[in-house]
Amino acid sequence: SCLLSEPSPNMRVSSRCLVLYSVALLLFIDHCAVVANETSCSDMGFSETLLCSSCIDFEQHLDDGSESKQLVSECKRCCSPDMDVSGAAEYESATLVMCECRMHGFPHISEFLNKKAKKYPKFSHRFVGGGLGPTLHLASKNGATEILNIEHWKTENLEDFL
């Protein structure tokens, strides 16, 4: 047995006990290293609304250095797949909902509303308070509503979706 009730002056640790203690120590050290390396995406500065297309765009503007490759790799680990625009046809209507106070941060949305929105008969927009960023509320024929965060969408993405 590895555990003794009273240590003796001539106590020798058996090789079996030494191996067990060593394995336990190595497992503990390995666990600590993994926990230390698992930095959350938000700790690295990536938002929860990060789209994978943004990582691809970002990659095009970086050099080929190892730090750049690591940053792009972390970006791709933290991103969400882009919306498949083929699903747009199943919705009865689409409503852009956002706080008007945030329009200055989204000039492409302002331009879309002023110049292009009239082309889409099933599209409407509504301004709300509270600093809400742009979301697209999709109503289906059966009354269900799906809400998409479009904060990082480009005008082309919105047009393709509608």
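This is a predicted model: local features need pLDDT of at least 70, side-chain atom pairs count only at pLDDT 80 or more; totals for chains, interfaces and linings use all residues.
**Overall architecture**

- From the N terminus on, the elements of the protein follow the order α-α-α-β-α-β-β-β-α.
- Of the 162 residues of the protein, 25% count as buried, a term that means under 20% relative accessible area, with exposed meaning over 50% and partly exposed in between (1.4 Å probe, protein chains only).
- Among contacts in the protein with a separation of 6 or more, 68% come from residues 24 or more positions apart, contact being defined as heavy atoms within 4.5 Å.

**Helix H3**

- Helix H3 (residues 66-78) has 13 residues and reaches 18 Å from its first C-alpha to its last, close to the 18 Å expected at 1.5 Å a residue; the expected span is 1.5 Å times one less than the number of residues.
- Ser68, Val72, Cys75 and Cys78 are buried in H3, and they cover an arc of only 125 degrees around the axis, which puts them on the same side of H3; the arc is that of the directions from the helix axis to the C-beta atoms.
- On the other side of H3, the residues Ser66, Lys69 and Arg77 are exposed.

**Helix H4**

- The buried residues in H4 include Ile109, Phe112 and Leu113, and, seen down the axis, the buried residues of H4 fall within an arc of 95 degrees, so they line one face of the helix.
- Pro107, Asn114 and Lys115 are exposed on the other side of H4, whereas what covers the buried residues of H4 includes E1, E2 and H5.

**Nonpolar cores**

- The largest nonpolar core has 20 residues, and those with the most contacts inside it are Leu113, Phe123, Leu136 and Trp153; such a core is a set of buried Ala, Val, Leu, Ile, Met, Phe, Trp, Tyr and Cys residues joined through side-chain atoms within 4.5 Å.
- Strand E1 (91-99), H4, E3 and helix H5 (155-161) are the elements that give two or more residues to this core, and the largest share, 4 residues, comes from E1.
- Leucine 113, leaving aside its neighbours within four places in sequence, is in contact with Leu96, Met103, Phe123, His125 and Phe127.

**Aromatic pairs**

- A search of the whole structure finds 3 aromatic pairs, where rings of Phe, Tyr and Trp (its six-membered ring) pair if their centres lie within 6.5 Å, and planes under 30 degrees apart count as stacked, over 60 as edge-to-face and the rest as tilted.
- The rings of phenylalanine 112 and phenylalanine 123 have their centres 5.4 Å apart and their planes at 85 degrees, so this pair is edge-to-face.
- Phenylalanine 112 lies in helix H4 (residues 107-115) and phenylalanine 123 in strand E2 (residues 123-128), so the pair ties together parts that are 11 residues apart in sequence, and both phenylalanine 112 and phenylalanine 123 are buried.
- Tryptophan 153 and phenylalanine 161 form a tilted aromatic pair, at 5.5 Å centre to centre and with 55 degrees between the planes; tryptophan 153 counts as buried at 9% relative accessibility, and phenylalanine 161 is buried with a relative accessible area of 3%.
- One aromatic cluster is formed by Phe112, Tyr120 and Phe123.

- Serine 140, found in strand E3 (residues 135-140), counts as buried at 17% relative accessibility, and touches Glu90, Tyr91 and Glu92, not counting residues up to four places away in sequence.
- A polar contact of 2.4 Å joins the side chains of serine 140 and asparagine 142; the term denotes a pair of N or O atoms within 3.5 Å, of which, within protein, one must be able to donate a hydrogen and the other to accept it, and residues adjacent in sequence count only if both atoms are side-chain atoms.
- Serine 40 has its place in the loop between helix H1 (15-37) and H2, is partly exposed with a relative accessible area of 31%, and makes a side-chain polar contact with the side chain of serine 42 (3.3 Å).
- Serine 40 and cysteine 78 are 38 residues apart in sequence and 8.6 Å apart in space, C-alpha to C-alpha.

Note on methods
Residues are numbered from 1 along each chain as its sequence is written. Side-chain values use heavy atoms; hydrogens and water are left out.
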